[in-house]
Amino acid sequence: MRSRSPFANKYLILGVMLILIIFVLLMYGREDGAGWSLPYFLIIFYLLWIADRGVYHYIIGVLTTVLISLDFFLLRDFTTVDIPEFSEGLVIIMTVWIVIYFNYLQKQFVNRELKDKERLSAIFENTTEGILVVDQSGTITMVNLYAEELFGYPRNEMMGMKVEKLIPHRFSVKHTHYREKFNKDPHNRPMGAGKELYALHKNKQEFPVEVSLGYFRGEGKELTVIAFVTDITERKKAEEQLIKEKELTQKLNEELEFRVEKRTQDLENALKHLEENNESLRQMEEELLRALEKERELGELKSRFVTMASHEFRTPLSTILSSVFLLENFSSEQLDQSKSTHFSRIKRAVNNMTTILNEFLSLSKLEEGRVKASYSETNVPSCIQEIVEEMEPVKKTDQQINYTHSGTADTFLIDRQFIRNIIINLVSNAIKFSNPTDTIELSSRIAADQLIIEVTDHGVGIPVEEQKYLFNRFFRAKNVTNIEGTGLGLNIVKKYVDLMKGTVTVESQLNQGTTFTVAIPTNQQHYLSDYQHHEL
């Protein structure tokens with residue numbers, strides 16, 4: 001309905017009031033009181049027709065009520081008024097007020113609808129997304145303000161435009177197919193999920209967008225599509241910048257990791273080189289210390305040798321000199337009687353000096369590391385028996401060397417010269433520290449893949465507290481200081497035994513005798529390999 005101005009309504013009401021007053025005056029004096037039908041319908045028509053249904057409704061209602069009341073009370077004879085006449089006026093008044101009431105409700109409903117429409121229009125126009133309302137044929141029927149700014153077209157130009165005109169040409173043909181497909185099965189969803197979408201500005205510039213689709217059906221069940229379009233140009237720039245920064249960060253991280261790895265490798269190499277240098281320096285230092293210690297020991301050995309030689313050689317040399325002097329000055333008869341004794345003294349003195357020199361020569365070679373084990377298949381009983389025979393001239397007058405062998409075999413893989421040197425030293429000590437009438441026990445046997453050699457004497461023995469020093473160089477027990485000797489024999493024995501990976505032990509009681517036990521392994525594979533290689 002078209003609405004009239006309040007000014008026009010005012011004059012219309014005055015006209016209706018004037019007609020009602022004239023009608024009441026004309027009806028005054030009539031006895032039947034009829035004729036209310038025309039003004040009644042006139043009032044009802046006005047109440048329904050008037051557009052500005054406000055305070056004027058209430059004025060009309062009040063006037064109608066007053067006029068009908070005046071008519072009833074002034075123009076009627078109460079003595080002749082019946083119930084139908086009274087009801088007629090009451091019905092007119094009630095009808096007027098019912099119409100006014102329903103018009104009031106309609107006004108409230110219309111006002112709410114208008115406010116909702118205004119709110120929806122404000123939301124539609126002020127949203128920060130472009131909104132396009134498109135009919136089933138793809139024609140734009142409504143746009144909002146942001147869509148005008150987004151695409152660069154004024155609203156009157158966009159209305160009636162095909163939506164494909166807002167899409168780049170390379171996509172528009174496919175878009176028609178997609179639009180028809182959506183029309184067949186419409187549902188609210190994002191458009192082009194997982195794809196990059198582009199829109200076309202009026203100036204032919206493309207820009208990236210996101211599109212969400214919705215729909216509704218009008219009264220004629222005609223499909224209407226709503227497209228919500230968002231310009232994501234800045235987001236794309238931010239994403240591209242983020243990707244570039246991520247790539248740059250990744251590149252920097254890779255370069256940093258490479259540098260760290262390279263630096264770590266360099267540090268590890270440097271550390272390894274430093275450790276190698278330190279190890280080399282440590283080894284050099286140890287070698288120098290060992291060399292210095294060996295030089296010191298050799299110097300000490302030489303000094304001790306000179307001191308001992310001056311002492312040990314003096315006695316045998318004096319013996320030789322005195323015996324030679326006596327032999328030269330004896331008469332023929334005296335010479336025949338004493339020459340055997342003096343020749344024996346000279347031989348013992350010479351043997352004693354030879355032993356001393358051999359010990360120092362052996363010790364010197366052992367200290368310098370020039371002695372290596374050389375293994376060969378050796379008949380142990382035969383070898384030891386030869387040594388016993390060599391020792392016959394060395395033993396004292398009535399001493400006996402008793403040798404026995406036991407075991408399942410006689411032949412062993414050993415260093416023959418090492419065994420000879422060990423036995424000679426041990427048997428020489430037994431002879432030296434035993435009485436002239438004592439028997440020296442020498443035995444050999446096989447036990448648990450070892451060659452066991454035992455030398456037992458019944459001589460002076462060794463004090464228990466000094467047994468732990470026996471294999472030290474130049475050590476001599478306090479109970480044998482008056483007996484000639486160098487203190488090197490057992491030290492040499494220990495070194496020979498060690499070279500063959502064996503062991504040497506001692507059991508001794510003072511004034512009862514001593515037993516030395518040497519255990520040499522005889523079945524070592526690497527020694528056997530060396531021997532076989534040597535034989536080949």
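In which hand does α12 pass α13, left or right? The crossing is left-handed, meaning that the near helix is turned anticlockwise from the far one by less than a right angle (clockwise would be right-handed). The views below show a predicted model, in which local features need pLDDT of at least 70, side-chain atom pairs count only at pLDDT 80 or more, and totals for chains, interfaces and linings use all residues. Residues are numbered from 1 along each chain as its sequence is written, and side-chain values use heavy atoms, with hydrogens and water left out.

**View 1. Helix α12 (residues 416-432) against helix α13 (residues 489-499).** The two axes come within 9 Å and cross at roughly 150 degrees, which makes α12 roughly antiparallel to α13 (angles over 145 degrees; under 35 is roughly parallel, 65 to 115 roughly perpendicular, the rest oblique). Axes are lines fitted to C-alpha atoms, for helices over the stretch in contact, with angles from 0 to 180 degrees between N-to-C directions. Helices (H or I, at least four residues) and strands (E, at least two) are DSSP runs, numbered from the N terminus. The contact of α12 with α13 divides into 9 nonpolar, 4 polar and no charged residues; Ala, Val, Leu, Ile, Met, Phe, Trp, Tyr, Cys and Pro count as nonpolar, Asp, Glu, Lys and Arg as charged, and the others, Gly among them, as polar.

**View 2. Helix α11 on helix α12.** Here the axes lie 10 Å apart at an angle of about 40 degrees, so α11 is oblique to α12. This crossing of α11 and α12 is right-handed. Residues that meet include Cys383 and Ile387 in α11 and Ile423 and Val427 in α12. By class, the contact of α11 with α12 has 9 nonpolar, 1 polar and 4 charged residues.

**View 3. An open, mixed sheet of 5 strands.** Follow the order β8-β10-β11-β13-β12; strands pair if DSSP finds at least two bridges between them. β8 (400-406) and β12 (503-509) stand at the edges with a single partner strand each, so one side of each lacks a neighbour in the sheet. The twist averages 10 degrees from one strand to the next. β8 and β10 (residues 439-446) pair in the parallel sense over 7 bridges, and Thr404 has Ser443 in β10 as its bridge partner. Helix α11 (residues 380-391) packs on the sheet, touching β8, β10 and β11 (450-457).

Key. Contact means heavy atoms within 4.5 Å.
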